[in-house]
Protein chains: 2
Amino acid sequence: MSLSQFFAPRTVAVVGASTNPTKLGYAVLNNLLRGGFLKEDRRVYPINPTAESILGLPCFKSVLEVPDPIDLAVIVIPYPAVPDALRECGEQAIPAAIVISAGFREAGWEGAERERELLEVARQYSIRLIGPNCFGVIDTITPLNATFSAGMPPTGPMAFMSQSGALGAAILDWAMAGRLGLSKFVSLGNKADVSETDLLQEWAADPASRVILAYIEGLPDGQQFIRVAREVSRLKPVVAIKSGITQSGARAVTSHTGSLAGSEQAYQAAFRQAGVIRADTLEELLDFALAFGYLPPLRGDRVAIVTNAGGPGILATDAVERDGLRLARFEPERQHLLEQFLPGAASAANPVDLLGDARADRFDFALQQILADPQVDAIIVLVTPQAMTDMEQTAQVIVQAAARASIPVLACLMGQASLGRGPDILQQHNVPRFPFPERAARALYAMNQYRLLRSEPIPQFTSLEVDRERVSDAIRTVRAAGRVSIGDFEAREILLAYGFDVPTTELAGTAEQAVEIAARLGYPVVLKVASPEILHKTDVGGVRVGLEGPSEVRDAFDLITYRAQRFLPEARLWGCTVQKMIAPGLEMLLGMNRDPQFGPLVTCALGGVFVETLKDAAFRLAPFSRQDAEAMLTELKAAALLSGVRGRRPVDREALVEALLRVGRLVVDFPEIEELDINPFVVYEQGQGGVALDMRLILSSQVEPRR
Amino acid sequence: MSLSQFFAPRTVAVVGASTNPTKLGYAVLNNLLRGGFLKEDRRVYPINPTAESILGLPCFKSVLEVPDPIDLAVIVIPYPAVPDALRECGEQAIPAAIVISAGFREAGWEGAERERELLEVARQYSIRLIGPNCFGVIDTITPLNATFSAGMPPTGPMAFMSQSGALGAAILDWAMAGRLGLSKFVSLGNKADVSETDLLQEWAADPASRVILAYIEGLPDGQQFIRVAREVSRLKPVVAIKSGITQSGARAVTSHTGSLAGSEQAYQAAFRQAGVIRADTLEELLDFALAFGYLPPLRGDRVAIVTNAGGPGILATDAVERDGLRLARFEPERQHLLEQFLPGAASAANPVDLLGDARADRFDFALQQILADPQVDAIIVLVTPQAMTDMEQTAQVIVQAAARASIPVLACLMGQASLGRGPDILQQHNVPRFPFPERAARALYAMNQYRLLRSEPIPQFTSLEVDRERVSDAIRTVRAAGRVSIGDFEAREILLAYGFDVPTTELAGTAEQAVEIAARLGYPVVLKVASPEILHKTDVGGVRVGLEGPSEVRDAFDLITYRAQRFLPEARLWGCTVQKMIAPGLEMLLGMNRDPQFGPLVTCALGGVFVETLKDAAFRLAPFSRQDAEAMLTELKAAALLSGVRGRRPVDREALVEALLRVGRLVVDFPEIEELDINPFVVYEQGQGGVALDMRLILSSQVEPRR
């Protein structure tokens, strides 16, 4: 269902409108009126059981008394009365409600109970709900200001949603100072009903919104968010800041809105897969918003820098390269023209140093030349106030260049006291200004991320040949035995069913059986303890490798049995598995654990010291595409190891990609798998495949799978 | 010699003072007068060959005509006349000159020649020189404004030096807008004479300067800078931003001032060893300046956050933890009092959420409680403009708290339109304001860096038993043979002389000699080709390990000889070295190469894939202290490997530290060593030492050592 009633209603009821100017119920009504909502056939209905009229509008005792169909109700009454008020909205067939009142989930278990009741009412009457515990909604095009903000922000290309009302208020305050223009603004509050995902979907098609911004604490509908954001981010940039990424931060999130912060790895994977550009700081969020909102799309990574100050030009150069972009190399004829026109001491090469005495005309000439150069994808113009600088005229020149340009032109007027009307001139013409060169470069970094993201092929979700029934059987057997952990002998069944290569392995109940099996498989072999209770076999001395003949196999069997019994007397012992010893290769670790918000988080890591001492691992949320699996391999810090170093041949990447996709499929098909580790997955040289040598798997303790 | 004449002269001559207001020579004179320099017995003498008087002051044709001793000359005339003008200053015994004129080293080789001439004159007459090609000097206490800036910055605790005049101008502009107050300002220009190091020394004792700030492109006197900065940074914080750290940036530095940018690793090591706090961006430089300039020193890492906005509070929490500080845990009685006073929905635990309706009194109470808590080392106060917020009164409350506090109180007023006089109130009382929570946290990060740095023991430069003569002999022998590279057999001499454990090794000229030696050393042994021309022995098949008996030694000798001859027919073959095979251990790499600005840069890295694929290495400039060597080991990304992982025992750190110190000593004692690699250095378990297995060393091609 469309959420359009929240943004462009014809009629609005303010439930809890107040005559007292210090009350929120007054502020909301006042904002609706001052914000210019009332025009043509639009109507606002204050609802107040006692007042006759407020701010010149006649009051109604209840929405039930309003004789006109109501599109949107804004509820600002004390929490105990909210559920009943919403019920009345339902009776009156109001399709959308914003609940500003606090006192719900954020206020402990009683509040949570009340929120559940509220949601039930909404569902019963098919009312879409924003909040509770929120700051309200603004649409600057309609115009609609259904918040208790101090004023109406200027209109502009940015749609902003915030899980924090106060942060939203700060954003509005920056906007009202003219720093950015908003199309839509939603304070999501407790997100009982309408979530980030709903708004993404709604704003994807909104022509007034060029960029979607979000402040996120938690995303309970994580998987759905990824699916929607993946589509939307192809249409317009989605920029998000996620709070609660550290331990203390996550604790603070829980005590703030009672939501879960989720793991940083899961969010990193989610944003990556969803195509969401991440801002690391609030300042970045605003800078990125300016860049995406007001600049033409970036088409390449070649940046020109024009400056009247050498030092800042170098800082910009450093920042551009540090942020993964390149300095443009000008066409020879452009460079030649620049050299001819500029004074001898100037630098006509990129970064172009116009010298401290550059006036506006010199900027103008340089910008014209550079804009005509097809080798340039973006320009950063740095101006510092010096003796000869005419800041305002230079700002005019930048504005003209930006107006002509089909590429991003970023202005950086440094300093403060001598800028005159320079910043205002830029702002009036929607040329984003960055006070420091590094911030301009960082904005280009974000634009470049978005460019790369859009140029990626649409992710393909390959179908794989798997045998689900065989895995269901295996799981059923384990469950029937009252267990939740699956060791390697049973795990082998599952791996085989999902198309993994596993070394030939057979279970031996006695030492003599082990010798027989070894003879059949061929020496050397490996013996491993087989017991449903023993998952970490090496810890109990339960693995013996490189056994070369019958007597070694007998010794190993007895030793393993003896030690396993001594270490874990209560463990059931099935005997030992006998495995043909496989050739050495590069040891990888493939794993999965379930994130409470996003579900199956699949890991890929190099084995041994890499993952343990360097925390070197890549993550994706399943389901993920073939490209995602390939990207995981390149994201590893030790990725070079896969391509072969020190004379080693490159490994079989295809085998690794395939294995990751199969792990992804397995954990999506069987939500009852809580945790999984294939360790090691031994991968061989290109074309030689890989082998899953051992797997450990934990089922969820509830028998009913979570779906 | 003191540089005080640059900052507090009694008499100043402006050579090139002009009557034309568009000329720099006018601007400088005007700034001196407007800046308030003329008081008591102070005098300014305009020097101009034609004018009678300028700005009401009588003119002189030359400094030679001035009847009064002159303390400082400011030279602003076209470059061809500068050397002669300086000579006249010398004749007049002027001790200090600022050369603003450009057209020297930055303008190509002719300019460089002119700069050499200028420096010669200065040396001849013992004139200290700032510039040429600079923006001038300011002292706000004197007050002296010997620049062509647009005005005089407000006085304050920050001393700023800049290699870029334009960047300096931008800093002055921010200062003039009231964002920061300066004690001293120097634009260093080409640094023909006075350098960053000189100013550090001068400003160390300046009571008006609480923090020293520097914009640095290159440091030709790198080693001297480290020695001085190490002392000064113990007295007051030194904050620097270094430009030209990327490839393109370094190229831009060279074309900007003709100086070398130096390697990023060398600067990182230099700043670390010198105790210089590094700012990564210009914005950070200013933020750090505010923090160090206006806040009391940080005594611990426990931060309290007080906010009227949950979301920003969480962002601050994340940032604090990300930046290596901790959230304070309040004393139970404080927390109890907070709980009692604050509304039920507020959070009395850190981060303290006062709720959106908090007015100034609630901030006041919370700040009082928290300031009284000895468990808190710093406070970040976040205020967002909300319906009930009284921004100005809240700013007053913060100002009062900061005045009472002996710990840093950082204010973050978010937003812009509704802040009223809040920011001004903070500024008037020198309470630094950070517009975003992450920037406040980052400023605390810098203060915490400084705290840790000051708490480090004074570095001890241990003396080591070494045999310099033996190394001199070895080097002389190699030189005599007309070579510059030293392979392992000769390198062994050097390693032994500097106290390294090396495996017993003997040179065998024939296969039979090799067998004899092997019998004496004991099997197994290693054979390596011995040739002055072959440095990378494995590349030519010149190493055979694990030889178990005479026939294997004979085979290996012949095979090595045959292959070496085939691969490098022109190489002189001395035979093979025979080495007792040593036990396996952790392989490390110890190395050195010479940085053009800082000299010997010593590397420590884990061998093999770590250094090759992960670029995992730690750096220090020799000479370095024992603590530095210890810190190198912990700075490695794979540091955990040294402490033992996966059941391995920790390695002998002491042996590694000792080896690093000996490498440092060797390369300081012998500046003719250009490059050195001990690879591998095999280190054993704690207490078992380490062995330098192989070394490769390159001498500088000029026979005279560089000193």
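Predicted model: local features only at pLDDT ≥ 70, side-chain atom pairs only at ≥ 80, totals over all residues.

Q: What is the phi of Leu355(B)?

A: As a general idea, most residues other than glycine have a negative phi. The phi of Leu355(B) is positive, near 80°.

Q: Is Leu355(B) buried or exposed?

A: The cut-off for buried is 20 or more other C-beta atoms within 10 Å. Leu355(B) has 20 C-beta neighbours inside 10 Å, so it counts as buried.

Q: Where in chain A is Asn133(A) found, and what is its phi?

A: Asn133(A) belongs to the loop between β7 (128-130) and β8 (136-139) of chain A. Its phi is positive, about 65°, although the residue is not a glycine. Asn133(A) counts as buried because 25 C-beta neighbours lie inside 10 Å.

Q: How should I read the peptide bonds?

A: Most peptide bonds are trans. In chain B, the bond joining Thr142(B) and Pro143(B) is cis, with omega about -15°. Pro143(B) is in the loop between β8 (136-139) and β9 (144-147) of chain B.

Q: What is the omega of the bond from Asn679(B) to Pro680(B), and where does Pro680(B) lie?

A: That peptide bond, from Asn679(B) to Pro680(B), is also cis, with omega near 0°. Pro680(B) lies in a strand, β28 (residues 673-683) of chain B.

Q: Which rotation superposes chain A on chain B?

A: Two copies of a chain are related by a rotation about an axis and a shift along it. Here the rotation is 180° and the shift along the axis 0.1 Å, and chain A superposes on chain B with an RMSD of 0.1 Å. This is the relation of a two-fold axis.

Q: How many residues of each chain are in contact with the other chain?

A: The contact involves 74 residues of chain A and 75 residues of chain B. Several helices of chain A each supply at least two residues of the side that touches chain B, among them α2 (24-34), α10 (282-294) and α16 (437-455). The most comes from α11(A), which gives ten residues to that side. By kind, the residues of the side of chain A that touches chain B are 36 nonpolar, 25 polar and 13 charged.

Q: Why can one say that the copies meet through the same surface?

A: Of the interface residues of chain A, 100% are also interface residues in chain B, so the copies meet through the same surface.

Notes
Residues numbered from 1 in each chain as written. Chains lettered and ligands numbered in written order. Least-squares fit on C-alpha atoms with pLDDT ≥ 70 in both. Contact = placed C-beta atoms within 7 Å. Helix = DSSP H or I, 4+ residues; strand = E, 2+ residues; numbered from the N terminus. Nonpolar A, V, L, I, M, F, W, Y, C, P; charged D, E, K, R; others polar. Buried ≥ 20, exposed ≤ 12 C-beta atoms within 10 Å, placed from the backbone.
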